[in-house]
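Hello,

Here is the structure I promised to pass on. Please open it next to this email and follow along.

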Amino acid sequence: MTSQVIEGGAPSRGRAFLASFIKNILPAVPLLLIVGFFFLFPIARLIYVSFLSNDNTFTIDNFKTAVQEPYRTGFLNSIKIGVFSAAIAAFPGAIAAYFIETRGNSKLRRTIAVMSGVLANTGGVPLAFMFYAALGMQGYLTKFLKYLGWDLYAGTFSLGSFIGLLVVYLYFQLPLMVIVFSPAIVSLRREWSEAARNLGASQFNYWIRIGIPLLFPSFIASFLLLFASGFSAYATANALTVGNLPLTPLQIGGLLDGNVSAAQLNLGKALGVVMIVISACAVIPYLAIQRRSAKWQKR
Amino acid sequence: MAKTLRVRFQPPLVLTLLILGFFVFIPMISAFEYSIRTPLTGGYGWTHYIWAIREDDFFHYILRSMWLAGVTVTITLFVLVPTLTWLHLSRSKVRGLIDGLSLLPLVIPVVAFAVGAQISFPEFVQNTVLELPFLYFVLALPYAYRSLDIGLNSIPLKTITEAARSAGANWWRTITAVIVPVIRGSVMATIALTFALSLGEYTLTVLLHWDTFPTWVTFVAQDNILGAIAISMMSLIIPFLILTVITLFVPERSMQGRK
């Protein structure tokens, strides 16, 4: 009798599990499979292999080498270009986003959205060409500036130098700022500024007490995302520099292609892992802030 | 109100657009001027564009890139629209997990992802160019996911689905004939975004040793620089045109899922 109950119970419990699986997880399986195989698996394997020596034993030597020269300079340069390009692009980008969102009509806003989308994705050789044509030795802007009395190339300037690369990076960082920061501005409600004014606040008061405090978290978040974008940009740096400026993405690319030989086979993987850690330090706070401000941004 | 705003002259806006415009268009126009130079005759002409189009590889690579981008868009829509619809309807516990997963690609620099991809996949995956659309899908996932998520949030999904289901539509028809048209703004934005990203992807493609249109441009630059500039200009203008057509075609109301 008892055994019958158990026998009868087991399949129904199995069926219940199956039913709950179908109901709760099954529809997500295709997405989970693709993300798991094409994303989580490579990243997990990258992390695992970065801890292997040439004869596949556990080691942290790869990481020791990764923080020494010349890779140390590579990281410092990459972090520097990420911070500077984000810092220079953030404020003008935010102002531009503000005027476009608050003063522009809908057709203009949509055109700008499309253009920003394309421009934020430019990079590599096409972007390099545009800047050679404008700011190269024979570039139009170079000639114009020379005519005005400012010889760009009098000093050590070149497009492949740190400063040159910084200027070029702004070309995709500015539109990126406009894209990332616009939602925050859209969600600043007109009622708030009207309410403030009705209570006797001046325009200045409104911005100091309400506008800026509300936008500040999103501004910091956008800055962090821009940092990550500048820090990890590969294509443009690859097109413009000729090995004169050590940057981590280029060093990884060189190791991956076998252009650069290293005593440690898995050094490139360790560099990749360190990049992920640095990038995560910026992107995770970005996501956290986004999530928080999404609460009041919902209409 | 909106009308009067539109007519009124907006000095700060005009100034902003002028400054941005200079920054964006001076490099672009300079490069364009280079691309229409004809060094032999000293004048201007479309020589380099004609040269580029006559290259056998031009259509080969542009078609290949478009085809890969098309596959990426298909994967994105086929996987994300049903999954997200279900997530929104079912209040499943995995929603938090999937929300988090979808944002994770933002954290990983593409170079690091490329290294991981190179050492992980079995031969049969590495040997087919079809690995690229899946990897592009991952790169576009944070944006595509969020865009569709916003779209689905802004509609009374439950009511619409129940209406369609009780009118006798099966799930497939409910999604294709009811949900997708209702959130077409988000769907179009997702298509535009995924398509543009796949069409221009360079880092991952080149590090995995595949050839697509963007990597071909780099290759051409080694022996015909003006021709390569012409191709670069096209590689900027083509996605721009495609995106403009896609965005401007969609009625405005549905574009602003957030409001």
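In which helix is the place of A:Leu145? A:Leu145 sits in helix H7 of chain A, residues 140–147. Keep in mind throughout that this is a predicted model.

A few more points on that residue. A:Leu145 counts as partly exposed, because it has 15 C-beta neighbours inside 10 Å. Setting aside neighbours within four places in sequence, A:Leu145 is in contact with A:Trp150 and A:Leu152. A:Leu135 is 10 residues away along the chain, and its C-alpha atom is separated from that of A:Leu145 by 9.6 Å.

Chain A overall

Chain A has 13 helices and zero strands. The pattern along the sequence is therefore α-α-α-α-α-α-α-α-α-α-α-α-α. Is chain A a compact globule or more spread out? Chain A is more spread out, because its radius of gyration is 26 Å, well over the 19 Å that the globule rule gives for 299 residues. Along the principal axes, the C-alpha trace of chain A spans about 100 × 70 × 30 Å. Of its 299 residues, 41% count as buried. Now take the contacts in chain A between residues at least 6 apart in sequence. Of these, 77% join residues at least 24 apart.

Two domains

Chain A is divided into domain 1 (2–50) and domain 2 (65–297). Their C-alpha centres lie 41 Å apart. How many residues bring the two domains into contact? Four residues of domain 1 of chain A are in contact with five residues of domain 2 of chain A. On the domain 1 side, the residues divide into three nonpolar, one polar and no charged.

A helix pair in chain A

Look next at helix H8 (residues 162–186) and helix H10 (residues 203–232) of chain A. Their axes come within 9 Å and cross at roughly 150°. The crossing of H8(A) and H10(A) is right-handed. From H8(A), the residues that meet H10(A) are A:Tyr169, A:Gln173, A:Leu176, A:Met177, A:Val180, A:Phe181 and A:Ala184. Among their partners in H10(A) are A:Leu215, A:Phe219, A:Leu225 and A:Leu226. Serines also take part from H10(A), including A:Ser218 and A:Ser222. The residues of this contact divide into 10 nonpolar, five polar and no charged.

Backbone details in chain A

Two spots deserve a look. A cis peptide bond joins A:Glu69 and A:Pro70, with omega about 0°. A:Pro70 lies in the loop between helix H3 (61–66) and helix H4 (71–103) of chain A. The other spot is A:Asn56. Its phi is near 60°, a positive value in a residue other than glycine. A:Asn56 is found in the loop between helix H2 (29–50) and H3 of chain A. Is A:Asn56 buried or exposed? A:Asn56 is exposed, because 10 other C-beta atoms lie within 10 Å and the cut-off for exposed is 12 or fewer.

Chain B against chain A

The contact takes 67 residues from chain B and 63 residues from chain A. Which helix of chain B gives the most to the side that touches chain A? Helix H2 (residues 11–35) of chain B does, with 12 residues. The residues on the chain B side divide into 48 nonpolar, 15 polar and four charged.

Inside chain B

Helix H13 (residues 213–220) of chain B is largely enclosed by the rest of the structure, because seven of its eight residues are buried. The buried residues are B:Phe213, B:Pro214, B:Thr215, B:Trp216, B:Val217, B:Thr218 and B:Val220.

B:His209 lies in the loop between helix H12 (203–207) and H13 of chain B. B:His209 has a positive phi of about 65°, although it is not a glycine. B:His209 is exposed, with 11 other C-beta atoms within 10 Å.

B:Ala114 is found in helix H6 (residues 110–120) of chain B. B:Ala114 is buried, because 25 other C-beta atoms lie within 10 Å and the cut-off for buried is 20 or more. Leaving aside neighbours within four places in sequence, B:Ala114 is in contact with B:Thr203, B:Leu204, B:Leu207 and B:Leu208. The C-alpha atoms of B:Ala114 and B:Leu139, 25 residues apart along the chain, are separated by 11 Å.

Best wishes

Methods:
Residues are numbered from 1 along each chain as its sequence is written. Chains are lettered from A and ligands numbered from 1 in the order in which they are written. This is a predicted model: local features need pLDDT of at least 70, side-chain atom pairs count only at pLDDT 80 or more; totals for chains, interfaces and linings use all residues. Axes are lines fitted to C-alpha atoms, for helices over the stretch in contact, and angles run from 0 to 180 degrees between N-to-C directions. Helices (H or I, at least four residues) and strands (E, at least two) are DSSP runs, numbered from the N terminus. A crossing is left-handed if the near helix is turned anticlockwise from the far one by less than a right angle, and right-handed if clockwise. Two residues are in contact if their C-beta atoms, placed from the backbone, lie within 7 Å. Ala, Val, Leu, Ile, Met, Phe, Trp, Tyr, Cys and Pro count as nonpolar, Asp, Glu, Lys and Arg as charged, and the others, Gly among them, as polar. The radius of gyration is taken over C-alpha atoms; the globule rule is 2.2 Å times the number of residues to the power 0.38. Domain bounds come from an automatic or database domain assignment.
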